[in-house]
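Hi,

Here is the structure I promised to pass on. Have a look at it first, then read my notes below.

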Amino acid sequence: MGVPGSVGVIGGGRMGAGIAQVFATHGAAVSVVESDESAAVAARERIAEGLAKAAERGKLSRQPDVILERVTVLGDLTRLPAEAELVVEAVPERVELKIDVLTRAESVVSDHAVLASNTSSLSITELGAALREPRRFLGMHFFNPVPPSKLVEVVTAPQTDETVTRRVRDWVRALGKTDVVVRDSPGFATSRLGVLLGLEAIRMLEEGVADAEAIDNAMELGYRHPMGPLRSTDLVGLDVRLAIAEYLHSTLGERFAPPRLLRDKVAAGELGRKTGRGFFEWR
Ligand SMILES: NC(=O)c1ccc[n+]([C@@H]2O[C@H](COP(=O)([O-])OP(=O)(O)OC[C@H]3O[C@@H](n4cnc5c(N)ncnc54)[C@H](O)[C@@H]3O)[C@@H](O)[C@H]2O)c1
């Protein structure tokens, strides 16, 4: 089975543009919905840039322009094609916004379409409960940057129909990516494990067990992690990590309590690579 013939992507930012790019590259007609016409033009630019980068790296079997022709950008959600087989939302991480675009998309597409959210932390069960037909909804958690990332977490709620999960897993494989199926729970599989490792590394730094370089080297060389937990926290952003840790602390308990050092660094504006300093210097 290939990718769906027609795909809708709501939100053409960092993640949505990448999701649109990979589906179009694999032959789908993709409609990207943005909040207005000028945001739609910007989304097309992002997709064009992504395709140009992929072409430079020799990752495309066709000219980028030919692939870009499969992408339509829209400033209005009601123009999503009724024949879309899959709609993935990738709007900002706010529950009311996601519910708004998902319920509106549901009323535009056919009853056979699958609806998915790219949320990295919100409850798939709660988002699905707002829909008329929650059985056709699940999480498709892509990773950043989307084109080279190998993984998609497929997050299923109790209401998700098994045939919907199977279709989505097939589509993920048709994109050349690997799916892991995860039952809806806070942090899914990746954030839950990744954040815990990051928090423990920060606690070790606080306790003076070793310095940041040593802690990261230990995991990179000893356990063959491609990147140590502190450098990885710097790339994600300390503020982003803190927000996720607070959410996991409130839902999963004390083991996710954010360390003081993390709070202090965020308060001091040391947010990682984006501000030039986190646990490492990035200037
Ligand atoms: N950035 C990451 O590393 C990452 C990784 C995995 C998942 N996610 C998740 O993906 C989602 C999007 O994140 P992002 O980093 O791409 O954000 P982003 O801010 O880059 O993109 C969001 C886009 O949605 C658009 N938008 C806002 N309101 C809209 C509306 N009503 N209709 C249509 N479009 C609208 C914005 O204009 C923007 O272009 C979030 O749920 C986030 O948690 C992000």
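Below are some notes on the whole chain, and then on one strand and its neighbours.

First, the ground rules. This is a predicted model, so to speak: local features need pLDDT of at least 70, side-chain atom pairs count only at pLDDT 80 or more, and totals for chains, interfaces and linings use all residues. Residues are numbered from 1 along each chain as its sequence is written, and side-chain values use heavy atoms, with hydrogens and water left out.

The protein chain has 11 helices and 8 strands (DSSP runs numbered from the N terminus: H or I of at least four residues for helices, E of at least two for strands). Of the 283 residues, 48% are buried, meaning under 20% relative accessible area with a 1.4 Å probe, protein chains only.

Now for strand S5 (residues 114-117). Val114 and Ala116 point one way, Leu115 and Ser117 the other, and all are buried.

S5 pairs in parallel with strand S4 (residues 86-89) over 4 bridges, and Leu86 stands opposite Val114. Strand S6 (residues 137-142) also runs parallel to S5, joined by 3 bridges; there, Leu138 is the bridge partner of Ala116. Pairing here takes at least two DSSP bridges.

Cheers

Notes. Buried < 20%, exposed > 50% of the residue type's maximum accessible area, 1.4 Å probe, protein only.
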